[in-house]
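Here are my notes on the model, as numbered points. Please read them with the coordinates open.

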Amino acid sequence: YTKPYPGFHTVCSPFSRKDKTDLVTAGRTNKHVGLKMSSVCELERIDVCAPFFILPFLIFIGFTHLSYGGAEYTDLPYVLFSQETNEQKLFKIASELLQTEKAYVARLNLLDQVFCAKLMEEAGKGTFPVEVVKNIFSNISSIHTFHCQFLLPDLEKRMGEWESTPRIGDILQKLTPFLKMYAEYVKNFDKAMELLKQWTDRSPQFKAIIQEIQSKEVCGCLTLQHHMLEPVQRIPRYEMLLKDYLKKLPQDDPDRRDAEKSLDIIATAATHSNSAIRKTENLKKLLEIYEMLGEEEDIVNASNEFIKEGHILKLAARNTSAMERYLFLFNNMLLYCVPKFSLGGPKYTVRTRIGIDGMKVLATTNEDYPHTFQVSGKERILELQAFQETIEIFQQKNETFKSASKDVEEVSVSTAELGKRAPRWIRDNEVTMCMKCKEPFNALTRRRHHCRACGYVVCWKCSDNKVPLAYDNNKMNKVCRDCYSILTGEERAEGKRKGILEIEAAQFTDSSIICGFLQYCEKNKPWQKVWCVIPEKECLVLYLYGAPQDVKAQCTIPLLGYVVEDSPRPTDPPASFRLSQSKSVHNFTAESEELKQRWLKVIRVAVTGEKPECPHPNGSNPNLTDNFSAQEAGTDST
């Protein structure tokens, strides 16, 4: 064997029978497992800690004698292939009970004689109240005394007399009168955790003592909270071992009556502890997350319930690049985290804490990134994409994705929530002009800026105001002039009336007969990508925008009287068509022939002066495809 197995220091490597010294012992760290071997090859008798499945190899190299559990076997192949007897199984369960009891008593000693004793010693100096320490550790001293001085010695004595007295039911029956101690400890557990957290934050000396003990080898790199979980979990473990013991115990065995009586009482106590165990498992998970977050986030609280965690991709607010992030979901908040480098396991830095209260979750569509959704909270809005592996698991389990709202809601922040809820940022590539003054953007003199209150993309002139925003802890943030007026209460002067082109594309997109991107060319000008909309209210007019969120159209084409031509010309690109009237010619190109035909179906009706119907692609909802295209650019979130 040359391949190492998990849980073993090493495994025997092949060697020749002639080489009597090249033998590498293999085994577990458990000191209670041992094998004594002698060989026909005249090797010296040796002790080997080895897993049972390595016996075929030992047979192959010539070992014939086995001493195990006090019994001697001279036929090693028989030992390998013979089935374990019922008596051996009962002995194995009793041995497991003894070993786990020893480990449990060591943990109780750590809590009582180390943690509690050190803190009581410091409390006696007046550093912090003695009552705090007593309330944290409750009756741990009584539990420790019973197990250390009574139950464990009885178990050790019984295992030494196992051949003459193979029973444990009578010993466990002695445990039942002392179960009330556990009821008191479990009942006090939540209060103990709160006090521990409170005084760790309040008292540097209290925290220093705990950290000093936790750094010792005896703690096994676990926190005090982890060790305090042991008494809560111990009674259900007795129940599991007793159930297993009774399954192997013959019906006429003398120990059966005592074992069944013990199980009834212990099972009742375990039932009362189940809810506390669920709480402790949740608390244990909270502690793990607390450590992964660098012990900086205040999440270890009995009212916090962990729900889910996992990797996620976050789409950037200004563009569509994706970045790996990590989420922790609780019953009252969502932690949006960034992974950070660490040699000691996964570590994360919290970027944003979003409250569940008022949170909205919407499914979104994105051409470049499938399976995206938007999480909208008062503190921030995130657009996220699930990993493909997560999607596959999701589909295999045949679960249904549930969004917070079945209907598509407006992404803009209402006037009542302005400054109180984080807005969805309009992406830079969704607009070509300032959404307030309508002036076109350029790279030098008129660059893009985001209003932190409404999320609109505006120029520097329209964002030259700052106000405190409630969702950002009342920090000063740059806002547009309209939001500044609303938040400060200052009235703004009436501007000039809107022109015929000054209608936001998003207003039309939500109630359009058809909308989407087309390539457009007029006369000899170069082709450009435009957002085209035929609104329901003005079904005879084609609006052309630079981007889906533009607040002003580049131009409009009244379709009545135009001639529609779709015959291909040698110089025309694929899927192109033309609208001509007198000397005016407008050239369009769609992304596909199917999309072209859908546009032509609407336009050919509009040019006759009649109201066109929404096209039905492949018998589906008429407006789905184009409106989804609109949402690709119009409802993408940060």
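1. Lys 529 lies over the face of Phe 517, at 4.4 Å from the ring centre. The criterion for a charge over a ring: NZ of Lys or CZ of Arg within 6 Å of the ring centre and within 35 degrees of the ring normal. Arg 202 is placed over the face of Trp 199, at 4.6 Å from the ring centre.

2. On provenance: this is a predicted model, where local features need pLDDT of at least 70 and side-chain atom pairs count only at pLDDT 80 or more, while totals for chains, interfaces and linings use all residues. Residues are numbered from 1 along each chain as its sequence is written, and side-chain values use heavy atoms, with hydrogens and water left out.

3. An open sheet of seven strands runs in the order β19-β18-β17-β16-β22-β21-β20, with antiparallel pairing. The edges are β19 (555-558) and β20 (563-565); each has a single partner strand, so one side of each is left without a neighbour in the sheet. Neighbouring strands are turned by 35° against each other on average, direction ignored. Strands here (E, at least two residues) and helices (H or I, at least four) are DSSP runs, numbered from the N terminus. Two strands pair if DSSP finds at least two bridges between them.

4. Within this sheet, strand β16 (residues 512-522) and strand β22 (residues 584-589) run antiparallel, joined by four bridges. Tyr 520 has Phe 588 as its bridge partner in β22. Helix α15 (residues 593-606) packs on the sheet and touches β16, β17 (528-535), β18 (541-545), β20 and β21 (576-581). Its direction makes about 105° with that of β16. Contact means heavy atoms within 4.5 Å. Axes are lines fitted to C-alpha atoms, for helices over the stretch in contact, with angles from 0 to 180 degrees between N-to-C directions.

5. How many aromatic pairs does a search of the whole structure find? The count is 12. Tyr 185 and Phe 189 form a tilted pair, 6.4 Å centre to centre with 50° between the planes. Rings of Phe, Tyr and Trp (its six-membered ring) pair if their centres lie within 6.5 Å; planes under 30 degrees apart count as stacked, over 60 as edge-to-face and the rest as tilted. Tyr 185 and Phe 189 are four residues apart in helix α7 (residues 179-202), separated by about one helical turn. Tyr 185 counts as buried at 2% relative accessibility. Phe 189 is buried too, with a relative accessible area of 3%. The cut-offs: buried is under 20% relative accessible area, exposed over 50%, partly exposed in between (1.4 Å probe, protein chains only).

6. The rings of Tyr 520 and Phe 588 have centres 5.1 Å apart and planes at 40°, so this pair is tilted. Tyr 520 lies in β16 and Phe 588 in β22, so the pair ties together parts 68 residues apart in sequence. Both residues are buried. Elsewhere, ring pairs link Tyr 326, Phe 328 and Tyr 348 into a cluster.

7. Why is strand β10 (residues 372-376) largely enclosed by the rest of the structure? Because five of its five residues are buried. Thr 372, Gln 374 and Ser 376 point one way, Phe 373 and Val 375 the other.

8. β10 pairs antiparallel with strand β9 (residues 360-364) over five bridges. Phe 373 is the bridge partner of Ala 363. β10 also pairs antiparallel with strand β11 (residues 381-385), over five bridges. There, Leu 382 is the bridge partner of Val 375. β10 and β11 form a hairpin, with four residues between them.
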